[in-house]
Amino acid sequence: MYKSERMMKAIGDLSDEKIEKAGRALGYLKEPQRAARVPVRMRRLLGIAAAAALILALGITAYAIYSHWSRGMEQRLPATDAEKEIAEQSGLSDSSQTVSATANGVTISVEQTVIDSDTARIALRIEGFRFEREQEPDAALWNCRLTFDGESPSAWGAGFVEEGNETGRMSITAPDGSMEYDIWARAGDKFDTLAGKEIRISIESLGVGGLKSEYRSLVEGPWELVWTPSSNSDCLTVQPDEMIDNTGIKLMEAEVSPISAKVTLQLPALWEGYKTMEHHDLQLVGVRLQDGTELTDIFGPPAQERYADIENLILELSYSSHQILRPEQVDALIFASSFPWARALTDSDLIIVPVD
Amino acid sequence: MNDREIVNLYWQRSEQAITETERKYGRYCHIIAYNILENSEDSEECVNDTWMSAWNSMPDKRPERLSPFLARITRNFALTRIVRRTAKKRGGGAAELALEELDECLSSGYDLEKEIEDRELSRAIDAFVGKLTEEEQLAFISRYWFVATEREIAEKLGLSRSGVAAMLKRTRSKLKTYLLTEGLCTSQNE
């Protein structure tokens, strides 16, 4: 037996807790329901139901607004029907675009965008080509370029959407033979806002490889998509300038948008973890709404963690939300420490900072 | 259905146990097998072997939590298959890559089988992982327990791929040092 095989066998004996925690972080295992949070969740659902009933009563959606949600968006930004309709009405979500481009029998079209001032999520639909099963892990769109009003965002990424099929096998090919390619981008320091900007996406070819092997084109493009989607620039901005519990850290400013948030902290001492790509110990994990609902797991690890002013120890943490927020409903921020995303948080873990 | 109810079905020798297990953990076990084997048919066979093994082991076993219990069985079946496959030719696949990365943690020429019991190495690795930061733990277990790719780990943990690769490299180096200090590995120079 090779020594590495013996190592793999020994690693297989890691404790149940460690395996479950990593399984959840990878998304392989669903998060267990937190019994203590059920009433809160119920209140939230009731709130949404009430909002939906009100919308219907006012006749706003009596003619049934079409609120399409792409497969990838269902995974990354799950929402109830009522939330989807509100997102569509507020301009946050846009699935009305008919922008598409075709080359060599393959059509790439804009399926949906969800854009607030700081974060853009774009779902592209690809039809007319199907990767072989063994090619799927290496599927790639080559030389994909993205601009907002002609400028490249400072941070963006993309990938094919995978889903389990009826046998549980993960695949990037949907039952109807189409594929979805999702792109995210952040305003970062380069833009004041991503809202209202013209988006241009160009793709050179579709093929396999890039990470483990040399890229090989299977279908030549180019495809170019240019459009200006609707967006939502609602943002709650507060400057509490107050200590966060007994952490010694001061919350200078917070911005909460529908699918993103940013907090500016003043640290008591220099933290150098950013140099080794570590995360700061204190993190924003959620918000409390005006009706008392605590959403404690809507932010993952920060998308950006940087010193805005290292001499004055001003650290900025930017997040993308897994859930659509209505900024005007937020009445407190919820922080937690010690890599909070990979464990079930209890009430004692949460630090609630009112933002009224 | 919760795990306790499913385990009760196994103890009652009800075939519904398999149905409920597949419904609740089929996708999970399939991902574990597929990460290692990178072949859908082999993965399905591996998952079916898992259900059979669970059926044969309950009773007498009564696992408190099914997910790690089943995950271990699936991983062992998948590794057994990959080891057979690897015996013919090393290199190429995700599991082979993970195996190669781990090679550096034990110095070459060291006959582990003769010098230590498996459980000592297991205990040492569990203790070592327990001392890592949460982020390092997740990256290490994701890579070497679940055989997830660096790209996937980067996406799920919100890190860059190069950041994950660098973190794993540091962790492997620390593991090697730890095993040396624990006397479970000898330096190549000794």
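Two residues are in contact if their C-beta atoms, placed from the backbone, lie within 7 Å. The model is a predicted one, in which local features need pLDDT of at least 70 and side-chain atom pairs count only at pLDDT 80 or more, while totals for chains, interfaces and linings use all residues. Residues are numbered from 1 along each chain as its sequence is written, and chains are lettered from A and ligands numbered from 1 in the order in which they are written.

Q: How do you know which residues of chain A touch chain B, and which elements supply them?
A: By the contact criterion, 43 residues of chain A meet 50 residues of chain B. Helices α1 (3–11) and α2 (16–25) of chain A are the elements giving two or more residues to this side, and α1(A) gives the most, with nine residues. Helices (H or I, at least four residues) and strands (E, at least two) are DSSP runs, numbered from the N terminus.

Q: Why is helix α9 of chain B called largely enclosed?
A: A residue is buried if 20 or more other C-beta atoms lie within 10 Å of its own, exposed if 12 or fewer, and partly exposed in between, with C-beta atoms placed from the backbone. Six of the eight residues of α9(B) (residues 150–157) are buried, so the rest of the structure largely encloses this helix. The buried residues are Glu150(B), Glu152(B), Ile153(B), Ala154(B), Lys156(B) and Leu157(B), and they pack against α2 of chain A together with α8 (134–144) and α10 (161–181) of chain B.

Q: Which residues of α2(A) are buried, and what follows that helix?
A: Ile19(A), Lys21(A), Ala22(A), Gly23(A), Arg24(A) and Ala25(A) are buried. After α2(A) comes Gly27(A), with a positive phi near 85°, and α9(B) is likewise followed by a glycine, Gly158(B), with a positive phi near 70°.

Q: What makes β18 and β22 of chain A edge strands?
A: Two strands pair if DSSP finds at least two bridges between them. Four strands of chain A form an open antiparallel sheet in the order β18-β17-β21-β22. Because β18 (294–295) and β22 (351–354) each have a single partner strand, they stand at the edges, and one side of each is left without a neighbour in the sheet. Strand β21 (residues 330–337) is joined to β22(A) by four bridges, and Phe335(A) stands opposite Ile351(A) in β22(A).
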